Amino acid sequence: MKIPLYQLDAFSDRPFEGNPAAVCPLEAWLDDDVMQQIAAENNLSETAFFVRDGAGEEGGFGLRWFTPVSEVDLCGHATLASAWVILRRLAPDRESVRFETRSGELIVERGEGDLLVMDFPARPAMSREAPRALVEGLGAEPADVLASDRDYLVLLDAEDDVRKLKPDFTRLRGLDRLGIIVSAPGVSADFVSRFFAPSVGVPEDPVTGSAHCTLAPYWAERLGRGEAPLEARQISARGGTLVCRHLGDRVTIAGRAALYLSGEIML
């Protein structure tokens, strides 16, 4: 069996920045354990698999995402990379693509220039008491801690505080949320962040689109921006740039992607 494979750097306009994602277009779903083994072999934070699930040129696609150790319910950068493969390679005449996922319908449209704009569910966070393991695992005293249904959102005072973090991933692995978003006001962007998810085999994710389902509502309210665009920068070692808007129960997250390689998996 030959399976097409694309690897892209998402939320970047050039290779070696942003977040690497593998994308595998399929004729039909593989067994779950085979997709998980492929994701483990790729050893990237996410491998996406999609299958056409609608007839005609404008039909939609089923989309699933796997880390090296488990399937997840939402992933931004691998959705962006999957849309890039469809809109730039497989169906370049299309203006948008619709994905059916565990998080409902996700639509990606062509934006200005080479931007791709994703329509995702908002995941607002509510204030809560900081677990001791969270504070000790980050090695920093938060200005505030909130939690969405999936992640913690930890607020620090300044961009440099986020940049200097050296987390203890063993401590963070036992928390009752999938990921830990750490954020602060930005110097050259509206806000900055980092994202840690050691419980699903991703100690630090380079650029995390799905985290901005929580970040966009928070910063839109804090900065009084309403539905106006927010420029976000994830300040991991690779780094990446996103443009977000909070639209009530939805958010849009826009970014670019750069193709790094294409080939075939031989099974």
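The model is predicted: local features need pLDDT of at least 70, side-chain atom pairs count only at pLDDT 80 or more, and totals for chains, interfaces and linings use all residues. Residues are numbered from 1 along each chain as its sequence is written, and side-chain values use heavy atoms, with hydrogens and water left out.

Empty space is the first topic. Rolling a probe the size of a water molecule over the atoms shows where such space is left. On a 1 Å grid over the protein atoms alone, a pocket is an open set of points with protein on both sides within 12 Å along at least five of seven lines, whereas a cavity is a set of points where a 1.4 Å probe fits but cannot get out; lining residues have an atom within 4 Å of a point. Grid points are joined across faces, edges and corners, and a volume is the space filled by probe spheres set on the points.

The largest pocket has a volume of about 240 Å³. Its lining consists of 15 residues, and those nearest the centre are Pro-25, Leu-26, Glu-27, Ala-28 and Phe-50. At least two lining residues come from each of strand S1 (2–10), strand S2 (19–26), strand S3 (46–52) and helix H2 (76–90); here helices (H or I, at least four residues) and strands (E, at least two) are DSSP runs, numbered from the N terminus. S1 provides the largest share of this lining, three residues. By class, the lining of the largest pocket holds 12 nonpolar, no polar and three charged residues, where Ala, Val, Leu, Ile, Met, Phe, Trp, Tyr, Cys and Pro count as nonpolar, Asp, Glu, Lys and Arg as charged, and the others, Gly among them, as polar.

The lining of the second largest pocket divides into four nonpolar, five polar and five charged residues.

The structure also holds one cavity of 30 Å³ or more. The largest cavity has a volume of about 130 Å³. Of the 19 residues that line the largest cavity, Glu-46, Phe-195, Asp-205, Thr-208 and Ser-210 lie nearest its centre. H2, S13 and S14 are the elements that give two or more residues to this lining. Nine nonpolar, seven polar and three charged residues make up the lining of the largest cavity.

The charged pairs come next. A salt bridge is a side-chain nitrogen of Lys or Arg within 4 Å of a carboxyl oxygen of Asp or Glu, and by this rule the count comes to 19. Asp-13 pairs with Arg-14 at 3.1 Å, N to O. Arg-256 pairs with Asp-114 at 2.5 Å, N to O. Arg-256 lies in the loop between S17 and strand S18 (257–266), and Asp-114 in the loop between strand S7 (104–110) and strand S8 (116–121), so this pair ties together parts that are 142 residues apart in sequence. Arg-256 is partly exposed at a relative accessible area of 33%, as is Asp-114 at 38%; buried means under 20% relative accessible area, exposed over 50%, and partly exposed in between (1.4 Å probe, protein chains only).

A further salt bridge joins Arg-194 and Glu-204, whose closest N and O atoms are 2.8 Å apart. Arg-194 belongs to strand S13 (residues 191–197) and Glu-204 to strand S14 (residues 202–205), so the pair ties together parts that are 10 residues apart in sequence. Arg-194 is buried, at 8% relative accessibility, while Glu-204 is partly exposed at 26%. Salt bridges that share partners also join Asp-32, Arg-64, Glu-71 and Arg-102 into one network.

Two individual residues complete the account. Ala-254 lies in strand S17 (residues 250–255) and is buried, with a relative accessible area of 7%. Not counting residues up to four places away in sequence, Ala-254 touches Phe-11, Leu-115, Leu-116, Val-117, Thr-241, Leu-242 and Val-243, a contact being heavy atoms within 4.5 Å. Ala-254 and Leu-116 are 138 residues apart in sequence, yet 5.5 Å apart in space, C-alpha to C-alpha.

Thr-214 is found in helix H6 (residues 212–222) and is buried at 3% relative accessibility. The side chain of Thr-214 reaches the backbone oxygen of Arg-123 at 2.7 Å. Beyond four places in sequence, Thr-214 touches Arg-123, Ala-125, Ser-148, Leu-153 and Ile-181.

Technical notes. Polar contact = N/O pair within 3.5 Å; in protein donor to acceptor, adjacent residues only side chain to side chain.
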